[in-house]
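User: Please discuss the model shown below, first its overall organisation and then selected residues.

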Amino acid sequence: MSEKTLNKNKTRKRNINSVTKKTPTLVKTEDIEDSPSFFSKDETHKLRTVLLDWYDRNQRVLPWRTTLNDEHEEEEVEKRAYGVWVSEVMLQQTRVQTVIAYFNRWMLKWPTIHHLAKASLEEVNEIWAGLGYYRRARFLLEGAKQIVAEGGSIPKTASTLRKIPGIGDYTSGAIASIAFKEAVPVVDGNVIRVIARLRAISENPKDSVIIKRFWEIAAQLVDPLRPGDFNQALMELGATVCTPLNPSCSSCPASEFCHALSIAKDNSTAAVTDYPIKVVKVKPRSDFCAVCVVELLGGENQSSSRFVLVKRPDEGLLAGLWEFPSVLVDGETAPLARRKATDCFLKKSLKIDIRKTCDVVLREDVGEFVHIFSHIRLKLYVELLVLQLKGTVGDLLKSKDDETTTWKCVESNALSNMGLTTSVRKVYDMVKKFKQKRLPSNLVPTKKRTRTTKKN
């Protein structure tokens, strides 16, 4: 689990399909529908020149930005295309500084698309853990497998790239222009902000018709000789200079072309940050979840404890990822109701009957916290349940029904090294701190007892 809307100055948002409501025009400008071309040929030429010159001098040094000579091996071009693909997928909804370490680890483990195609989804999720939006990782893996199965060469045009799972207009444009020098545009949140200010566009930037026009404007601007560099220059300008809240207009190479800046100079009530207009975000729905960290103490021949992990369904939120046994509950339910729901899940899905197959050594509420997804506000109630098995862990695993939920038992040292999602890691950290505080010896009592529920 993760999520991320931190530091808008460095976040490169690609998702522009959220629900919005109409906002009145801030300053009357030419109607976007009546304007076939936003830039004259002279303006287009000058913008290309100043932005590329600025980019050559000021671009950030990032591991996925590599320079190729005019004469280079096709293998190097393929490797660059692969690197661009990985970086652009990682950068969706994620800060640049966060992505750098993930990108380096990924490329070290899977330096080419052929290496990635041999990986399992579990391996990919472990490397991706903490980056959030795990569906992106699954699409990367599926895309790599498809490309290798079809010959092993990454498609070289935006139109063919879009046939790969998870590659849309933005990613296809980025790969095609940066790696293969196809003169196609890219439009993300940074590009929309730059263009909206350059032309003082006051229409809703989330509206599908307006989004289409932004793509048309970007297509008009892209430099035919250096399309990849120009696209990166537009994005770099939005990320470092033409930022959402504090744009550095005095150091902007395109300030002489900026209609928003011109309006702000002539009108004291206007500001460059009025563009693009702000839209109202949809309020996330509230969900509630009971999380039970089940620690199993084995029989006489097993001294170490193990934790139960459950695999989420292959479709939907956090598809295919491992977590502690969890059950959605109705609102702010009482502890007893949560425990009943948890017991039912353990018995029905995992074949763990705490009344018949094991003894309760300890059961106590550990705490609660809220985890925010893009569209869900999830409140998690965490409890620790320590069980003494009447048999062995092996016996318990043998009792699993193939038709039930997929689950496994993991030793504590292995659990600490697993690639867990942010929220699962937080749950585990809460349990460890609880045990250190309440059980200083770091040993679970061996005598059967149930502790009174306490809400931290």
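Analyst: Buried means under 20% relative accessible area, exposed over 50%, and partly exposed in between (1.4 Å probe, protein chains only). This is a predicted model, in which local features need pLDDT of at least 70 and side-chain atom pairs count only at pLDDT 80 or more, while totals for chains, interfaces and linings use all residues. Residues are numbered from 1 along each chain as its sequence is written, and side-chain values use heavy atoms, with hydrogens and water left out.

User: Which residues does Ile354 contact, leaving aside its neighbours within four places in sequence?

Analyst: Ile354 also has its place in the loop between α13 and β5. With a relative accessible area of 16%, Ile354 is buried. Its C-alpha atom is 7.6 Å from that of Leu387, a residue 33 positions away in sequence. Contact means heavy atoms within 4.5 Å, and the partners of Ile354 beyond four places are Asp343, Val360, Arg363, Leu385 and Leu387.

User: How many helices and strands are there in the protein, and what percentage of the contacts with a separation of 6 or more is between residues 24 or more positions apart?

Analyst: The protein has 16 helices and 7 strands. Of its 456 residues, 51% are buried. Among contacts with a separation of 6 or more, the share from residues 24 or more positions apart is 73%.

User: At what angle do α2 and α8 pack, and what is the handedness of their crossing?

Analyst: Two packed helices are described by the angle between their axes and the distance between the axes. Axes are lines fitted to C-alpha atoms, for helices over the stretch in contact, and angles run from 0 to 180 degrees between N-to-C directions. For α2 (residues 74-91) and α8 (residues 169-180), the axes are 9 Å apart and the angle is about 145°. A crossing is left-handed if the near helix is turned anticlockwise from the far one by less than a right angle, and right-handed if clockwise; that of α2 and α8 is right-handed.

User: Which residues of α2 and α8 meet, and how many of each class are in the contact?

Analyst: From α2, the residues Val77, Glu78, Arg80, Ala81, Val84, Trp85, Glu88 and Val89 meet Tyr170, Thr171, Ala174, Ile175, Ile178, Ala179 and Phe180 of α8. Ala, Val, Leu, Ile, Met, Phe, Trp, Tyr, Cys and Pro count as nonpolar, Asp, Glu, Lys and Arg as charged, and the others, Gly among them, as polar. By class, the contact comprises 11 nonpolar, 1 polar and 3 charged residues.

User: Where does Ala200 lie, and is it buried or exposed?

Analyst: The place of Ala200 is the loop between α9 (189-198) and α10 (208-221). Its phi is near 50°, positive although the residue is not glycine. At 1% relative accessibility, Ala200 is buried.

User: Which residues does a cis peptide bond join?

Analyst: The loop between α12 (259-266) and β1 (285-297) contains Pro276. The cis bond there has an omega of about -15° and joins Tyr275 and Pro276.

Conventions. Helices (H or I, at least four residues) and strands (E, at least two) are DSSP runs, numbered from the N terminus.
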